[in-house]
Amino acid sequence: NKTLLRSGSNRKASEIEGPVMFSEDGGLTWTGVPITSVPLSPAVPNPPTKLDKGLNYGWSAISADGKIIAYSNDWKVNDVKYYGIFYTLDRGKTWKEFPWTSDPKSKTFVVSDKINPNVFYVMLGKQVLVYTWNGTGFDLKTHATPAPMRAKIRVNPLVEGEFLAWGNNK
């Protein structure tokens, strides 16, 4: 699979300006993924004002087969904090929110399993959220951890379901 995903500072590709882009030819050409249609509550101004440009920060992941893009935002617009994790099946034309056990009140980072294209992971405090695509949406299973873990985790690219998480040393 030659599909790549990048997120970071704003760039413009295919007339779309934003932090998330994908390439289906190993990085030779890039296409922008529109994130202004992410269904946040309350809604973010579209188009964003100059004050709202900070809404373009976040973390992205792509399924092992390149078909699903996930995006976790970390936005502050007019002193309103936005958190959530969303996915798109059509390269950003439409977005849906992953199911939650409770509303996240802090940053969350989504990562994809590198073997199974139907699985994404999120570390949330003392829980690992495992999202599995069922053909029409994501099923959620939670697994408790012995202690609060840091939000950023890394997956093993060679073993399905294996990842590395760090504890919070407070």
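Start by selecting Glu24, with a shell around it. Leaving aside neighbours within four places in sequence, Glu24 is in contact with Lys2, Thr3 and Arg91, where contact means heavy atoms within 4.5 Å. Before going on, a word on the ground rules: this is a predicted model, so local features need pLDDT of at least 70, side-chain atom pairs count only at pLDDT 80 or more, and totals for chains, interfaces and linings use all residues. Residues are numbered from 1 along each chain as its sequence is written, and side-chain values use heavy atoms, with hydrogens and water left out.

Stay on Glu24 and show its side chain. There is a polar contact of 2.8 Å with the side chain of Arg91; a polar contact is a pair of N or O atoms within 3.5 Å, where within protein one must be able to donate a hydrogen and the other to accept it, and residues adjacent in sequence count only if both atoms are side-chain atoms. Glu24 sits in the loop between β2 (16-23) and β3 (31-32). Helices (H or I, at least four residues) and strands (E, at least two) are DSSP runs, numbered from the N terminus.

Is Glu24 buried or exposed? It counts as exposed because its relative accessibility is 52%. The cut-offs are under 20% relative accessible area for buried, over 50% for exposed and partly exposed in between (1.4 Å probe, protein chains only).

Next, select β8 (110-112) through β11 (138-144), and hide the rest. Here 4 strands form an open sheet, ordered β8-β9-β10-β11, with antiparallel pairing; two strands pair if DSSP finds at least two bridges between them. β8 and β11 are the edge strands, each pairing on one side only.

Zoom in on β9 (119-124). On one side, it pairs with β8 over 3 bridges, and Ser112 has Phe120 as its bridge partner. That hairpin has 6 residues between its strands.

Show the β9 side chains. Val119, Tyr121 and Met123 point one way, Phe120, Val122 and Leu124 the other, and all are buried. In a regular strand, side chains alternate between the two faces of the sheet.

Now colour the largest nonpolar core, which has 15 residues; Phe98, Val110, Phe120, Tyr131 and Phe138 have the most contacts inside it. A nonpolar core is a set of buried Ala, Val, Leu, Ile, Met, Phe, Trp, Tyr and Cys residues joined through side-chain atoms within 4.5 Å. β6 (80-88), β9 and β10 (127-133) each give two or more residues to this core. Apart from it lies another core, of 12 residues, among them Ile35, Ile69, Tyr71 and Tyr82.

Last stop: Thr145, in the loop between β11 and β12 (154-155). Thr145 counts as buried because its relative accessibility is 13%. Beyond four places in sequence, Thr145 touches Met123, Gly125, Lys126, Gln127 and Val128.
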